[in-house]
Amino acid sequence: MALLDIRHKYGRVILVMLAAALLAVCAPCSAEPPSAPEYDVKAAFVYNFTKFVDWPEVSFRNSLTPLTICVSGKGAVERSFVPIKGKYVKGREVVVVANEQIQNPRVCHVLFVTSTDKRRAAQLLESVRGAAVLTIGETPEFLDYGGVIAFTTSDEKIRFEVNNQAARKVRLNISSQLLRLADSVRGQE
Amino acid sequence: MNMKITAKWLGSAYLLCVLLATVMPGYAAEGEKGADLTELDIESLMELDAQHVYGASKYSQKLSEAPSAVTIITSEDIRLFGYRTVADALRGVRGFHITNDRNYRYAGVRGFGRLGDYNSRMLVLIDGNRLNNGIDGNAPIGNDFPIDMDLIDRIEVIPGPGSSLYGSNAFFAVINVITKYDFDLRGAQVSGEAGSGRSFRGRVSGGLANDEGLGALVSATGFDSKGRSIYFREFDTPSTNGGWARNLDGERGRSFFGKVRYDDFTLLAAVSRRTKEIPTAPYETAFNDPRAKTRDTHGLLDLRFERDLGSNINLTARLYSNYWEFRGDYPEEGAPVVLNRDTFTSAGFGTEIKAVGQFIKGHRLTLGLDYRADLKRRMINEDVDPPAPEARLLKREDSRTTGIYLQDEITIIPSVIVSAGLRYDGSDCGHDMLSPRLAAIWSITPRTVLKAIYGRAFRSPNFYERMYGDGGATSKPNPRLNPETIQNYELVLEHLFLHAVRMQVSAFHYRIKNLITQQTDPADNLILYRNTGRVRAGGIEAEIEKRWASGAMGRFSYSYQKVESLDTAGDFPNSPKHLAKLHAVYPLLRKEVFGAMELLYIGTRATLSGGSAGDYLTANATLYGAKIWKSLDASMSVYNIFNRKYSDPAGVEHRMDVIPQEGRSFRIKLTYTF
């Protein structure tokens, strides 16, 4: 094509742009490292988060009350939480409830919002406002709307950001060990 | 700056970013498939590469299940790249090119950007509401767009025929502009802009909500631009001011926006007016007459109900009303000069009900009913100065359209989806149309998707094309026009490489029949519209993008398209064969200040006279800082950095062959949130 002719006045620019693009493609052409499905990893994250969070005393009726993790949004995510069901965190059994089975979201100890629809996420957050629920979302605006933890992905690895201000407002105490691992923390002590 | 040095600098900068990313450490730790992930601690989990499983839908890297190659322009893109209008944002999308006749902006898609089309072959929606007006089907994408850019949450660009869901006008693309909610802006916000051509813009917005689920976002914007003086070679005679249209490119407008939500209900209200001076003296108007101007007024009211009815069924119901008025003041050449005015109005209302859900296992069905009434459609023409005894009501006609559509996304096996859609449109003053779409989407691997798409779309002849005539002065009507149809075949390949490099390649071929074209009848020298014939086109598009954790981004796209008429010889007007676009974002100061650059190459476009508007390379750069001082966001943009003198082809109504475009211009924008 005449366009790629080096003598054409823009030929050089186009060639440089193409070369750059090709390099971006070929540079990471090494063998694929082992990986795991996204929501399996996130479920494991959620399970681990609960180990670093203290709920106010009123959140549990007695020492036998289970820790309820509510998952709302995409139906397929429920499957990823199967390995978490029945595990124990700080002496309490973990129970996972998804979508239609969630009677009252304010009774959840953890609410994982997988919907990326902003309006739905905001609606869910409003429905638990003021309640000691560890709200976890997947969009950057989740923390703006009052969520406590938001997953982000960088370079295919899962990261998270924490809104400690929102946590403290509902008397959730997040261990500094977890805050240290977050990409960013709002309302840091 | 010298072209060679600039190119080398840009190329080197991009290469450096890429090399740095690959050299950076941090590879995946051991995480065999099937290992119990719950046994790993958080540090180890953070080392795993998370597969983007097919079906996972995310805001950034999405291997989309949509039967199309969608591009999403976010509010962050609008801020970082300094997009002033929807047209600016569309300019950066692969396969699109913008034409500016210094009155309106028109978008060409896949090489088709015919002059005199008024964006009628592209459906533009605001939150699902049709913006294409009921008279000439135009959809505003310039400063006449009714919503301030700061109130846009995202723009979804869906190329390809969309009539199987949306009906008429979704010929080449569907552009859905989605506006923000109150939770995107809590408190009050003030924004001010100043730019070249003595342009100023100011906005005041406020968002509030209470604890019972009631929220509201309101905003008001005003802008005024004096514009520049422009020289037109074709008018370089002593009697027409030596070719100079002095201070005739000005533009001003205001808009108001309100969005109230309560529970499952949302009420949207938007009203806007824009006045633009016309420097190009179209339709044989007097040159350099300051009274030449157009004024567009838009009004939209939309009440929407949306609820998830459990088990993945979503129901949306809408009731809407819209209003549009156009007023064009044209000083007609002659002695004495008579100021003639066209007033077009169109008001309408409509309702739409849509249900989406997994009614049957393995089938995701979309069922919709869309009723629209375009009432009070009127075209009035009158002499204003000196005033004629009475106005001429050219035409008045109401129209009602009913559309029913059904789409089924069938999961054949987990990695293969077939999407089949059909829409029926019945209009009481038009033709009954059937629009099908069929797509097969195959996830070859979790990182690779192949799509084969076929779609047919139509565009009904609009009121203006069928009815406009000014009593034999320049134009005459043609009520027997038929709808145009397009058949589009497309193959798309999307692949996600390692390290967040996303690539998309597509090849398309389309055929248009019964194309409605503006022509001059040699018998009486009047402009009219006819179903002239057939067009055949094909092309390929490729795009590659990489995002870094730091917020840096690089994206390059190239498209080749060839459009030809099967009935007339010569190059298809305003159709660039080559388009190349480069976008780069680089974080400068601890993720708070960003530098963004846009480099666009637009190929040569043939003009109506058989000449051409030359190819050009234009670059825009923006420096954006969030919260640089308390709650102040600031940005500084330079458009057309190299001050490249380029032109766009002119239309039938212009006496010049090409219209010169803006040289280098600046804009400073400050936004403060209370």
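Figure 1. Pro386(B) sits in the loop of chain B that runs between β19 (363-385) and β20 (392-413). The model shown here and in the other views is predicted. The bond joining Asp385(B) to Pro386(B) is cis, and its omega is near 0°. As background, most peptide bonds are trans.

Figure 2. Pro336(B) belongs to the loop between β17 (314-332) and β18 (338-360) of chain B.

Figure 3. Most residues other than glycine have a negative phi. Arg110(B) is not a glycine, yet its phi is positive, near 50°. This arginine is placed in the loop between β4 (105-109) and β5 (122-126) of chain B. With a relative accessible area of 3%, Arg110(B) is buried. Arg198(B) is likewise not a glycine and has a positive phi of about 45°. The loop that holds Arg198(B) lies between β9 (187-195) and β10 (199-209) of chain B.

Figure 4. In general, side chains of opposite charge can pair when their charged atoms come close.

**Figure 5. Salt bridge between Asp648(B) and Arg605(B).** The two side chains meet in a salt bridge with an N to O distance of 2.8 Å. This pair links distant parts of the chain: Asp648(B) is in strand β34 (residues 647-649) and Arg605(B) in strand β30 (residues 605-606) of chain B, 43 residues apart.

**Figure 6. Salt bridge between Glu465(B) and Arg459(B).** The side chains of Glu465(B) and Arg459(B) form a salt bridge at 2.8 Å, N to O. Glu465(B) counts as buried because its relative accessibility is 6%, under the 20% limit for that class. Arg459(B) is buried as well, with a relative accessible area of 1%.

Figure 7. Lys42(A) and Glu38(A) meet through their side chains in a salt bridge of 3.0 Å, N to O. Both residues are in helix α2 (residues 38-51) of chain A; they are four residues apart, so about one helical turn separates them. An α-helix has 3.6 residues a turn, so residues three or four places apart point the same way. Lys42(A) is buried, as is Glu38(A).

Figure 8. The buried positions are Lys118(A), Arg119(A), Arg120(A), Ala121(A), Ala122(A), Leu125(A) and Glu126(A). Glu126(A), a residue of α4, counts as buried at 18% relative accessibility. What does Glu126(A) contact, apart from its neighbours within four places in sequence? The contacts of Glu126(A) are with Arg186(B), Asn210(B), Gly213(B) and Arg261(B).

**Figure 9. Chain B as the setting for the views above.** Chain B has six helices and 36 strands. Its radius of gyration is 25 Å, close to the 26 Å that the globule rule gives for 674 residues, so chain B is as compact as a globular protein of that length. Taken along the principal axes, the C-alpha atoms of chain B fill a box of roughly 90 × 60 × 55 Å. Buried residues make up 58% of the 674 in chain B. Among contacts in chain B with a separation of 6 or more, 61% come from residues 24 or more positions apart.

Methods. Residues numbered from 1 in each chain as written. Chains lettered and ligands numbered in written order. Predicted model: local features only at pLDDT ≥ 70, side-chain atom pairs only at ≥ 80, totals over all residues. Heavy atoms only, no water. Buried < 20%, exposed > 50% of the residue type's maximum accessible area, 1.4 Å probe, protein only. Helix = DSSP H or I, 4+ residues; strand = E, 2+ residues; numbered from the N terminus. Rg over C-alpha atoms; globule rule 2.2 N^0.38 Å. Contact = heavy atoms within 4.5 Å. Salt bridge = Lys/Arg side-chain N within 4 Å of Asp/Glu carboxyl O.
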